[in-house]
Amino acid sequence: MSDQMPDSAPQFLTVGEGEAARQIAMLVRPAQAGNGAPALVWLSGYRSDMSGTKAVELDGLAAELGLACIRLDYSGHGLSGGNFGEGTISRWLEEALAVIRHAAPDRVILVGSSMGGWIALRLAQELARQGGVTLPKLAGMVLIAPAPDFTSELIEPNLKAKERKSLAERGYFEERSQYSPEPNIYTRALIEDGRKNRVLDGIIETGCPVHILQGMKDADVPHAHAMKLVEHLPADDVVLTFVRDGDHRLSRPGDIALLLSAVKGIIRSSTNRQMPA
């Protein structure tokens, strides 16, 4: 059951053409008139959606501060159409870019959780590469238990023989989920596409402040992974906050308070950078 506000009806955007077309659900909160602060963009994790606790809390912060907030469900997730089994980083990145282009904010702060952190980092690259008038400037990022390159860094090295066999013969393998009675499904397409979207193979230049929140008791993304990411962000203003007893979700009240504080910090720094010296 979703805890979205009752007045927030999703809009739908068609992304892709022909057989690849899918209906992407999005919730776009407009900024209050005259508020020039960046729009907040929520990017969910694998098998998560825009009605999760952190996403709703972020939207609540936007409402409180009069900011725009953009949330979406990737294809195969939440309220969106499309087949989950066809999902890849490239496909979900295309959808996030399309929704941002449709909402057309001037500046954005990307807030990505788990796999959403990977998509946020790829979005930073695409915003820099494509630029122009149809895409916003990146003002900052907050990454929660970010999982960049998780297919090649965290899944492939730990595949068991039976999982490799299943990938070869069936094109996917299943893994029990801690968070759902339904198993996680990882496809060969997701893993192969993941190699093309690697970000931990060189310097990542986001050109904006980055705040990473990472639990030290995260069973899904080890905290060493966050430290590795920081090594690839040498040019940026990066803050890494460890939550000693934090798990992967970081959805407890104290964790949420940390998240909202990090977002407010990025908003403040983006406002200061806009002001003339």
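**Exercise 1.** Find the residue whose side chain is joined to that of Ser152 by a polar contact, and describe the surroundings of Ser152 in this predicted model.

*Solution.* 
- Step 1: Look at the side chain of Ser152; a polar contact of 2.7 Å links it to the side chain of Arg198.
- Step 2: Place Ser152 in the fold: Ser152 belongs to helix H4, residues 150-155.
- Step 3: List the neighbours. Leaving out residues up to four places away in sequence, Ser152 touches Pro157 and Arg198.
- Step 4: Decide on burial. The relative accessible area of Ser152 is 17%, and buried means under 20%, so Ser152 is buried.

**Exercise 2.** Describe how helices H2 and H3 cross, and which residues meet there.

*Solution.* 
- Step 1: Recall what to look for: two packed helices are described by the angle between their axes and the distance between the axes.
- Step 2: Apply this to H2 (residues 89-103) and H3 (residues 115-130), whose axes come within 10 Å and cross at roughly 60 degrees.
- Step 3: Name the arrangement: this angle makes H2 oblique to H3. The crossing is right-handed.
- Step 4: Find the residues. From H2, the contact includes Trp92, Leu93 and Ala96, and from H3 it includes Trp118, Ile119 and Arg122.
- Step 5: Sort the contact of H2 with H3 by class: there are 11 nonpolar, 1 polar and 3 charged residues.

**Exercise 3.** Which residues of helix H6 are buried, and what covers them?

*Solution.* 
- Step 1: Go to H6, residues 188-196, where the buried residues are Leu190, Ile191, Asp193 and Gly194.
- Step 2: Look around these residues. Their cover includes the helices H2, H3, H4 and H5 (161-170), along with strands S7 (172-175) and S8 (184-187).

**Exercise 4.** Is Phe12 buried or partly exposed, and which residues does Phe12 touch?

*Solution.* 
- Step 1: Locate Phe12 in strand S1, residues 11-15.
- Step 2: Check the accessibility: at 44%, Phe12 counts as partly exposed.
- Step 3: Compare sequence and space. Phe12 and Gln23 are 11 residues apart in sequence, and their C-alpha atoms are 5.9 Å apart.
- Step 4: Setting aside residues up to four places away in sequence, Phe12 touches Gln23, Ile24, Ala25, Met26 and Leu79.

**Exercise 5.** What does Val230 touch, and how many Å separate the C-alpha atoms of Val230 and Asn158?

*Solution.* 
- Step 1: Find Val230 in helix H7, residues 223-231.
- Step 2: Not counting residues up to four places away in sequence, Val230 touches Ile212, Val238 and Leu240.
- Step 3: Val230 and Asn158 are 72 residues apart along the chain, with 23 Å between their C-alpha atoms.

Terms used: Residues are numbered from 1 along each chain as its sequence is written. This is a predicted model: local features need pLDDT of at least 70, side-chain atom pairs count only at pLDDT 80 or more; totals for chains, interfaces and linings use all residues. Side-chain values use heavy atoms; hydrogens and water are left out. Helices (H or I, at least four residues) and strands (E, at least two) are DSSP runs, numbered from the N terminus. Buried means under 20% relative accessible area, exposed over 50%, partly exposed in between (1.4 Å probe, protein chains only). A polar contact is a pair of N or O atoms within 3.5 Å; within protein, one must be able to donate a hydrogen and the other to accept it, and residues adjacent in sequence count only if both atoms are side-chain atoms. Contact means heavy atoms within 4.5 Å. Axes are lines fitted to C-alpha atoms, for helices over the stretch in contact, and angles run from 0 to 180 degrees between N-to-C directions. Angles under 35 degrees count as roughly parallel, over 145 as roughly antiparallel, 65 to 115 as roughly perpendicular and the rest as oblique. A crossing is left-handed if the near helix is turned anticlockwise from the far one by less than a right angle, and right-handed if clockwise. Ala, Val, Leu, Ile, Met, Phe, Trp, Tyr, Cys and Pro count as nonpolar, Asp, Glu, Lys and Arg as charged, and the others, Gly among them, as polar.
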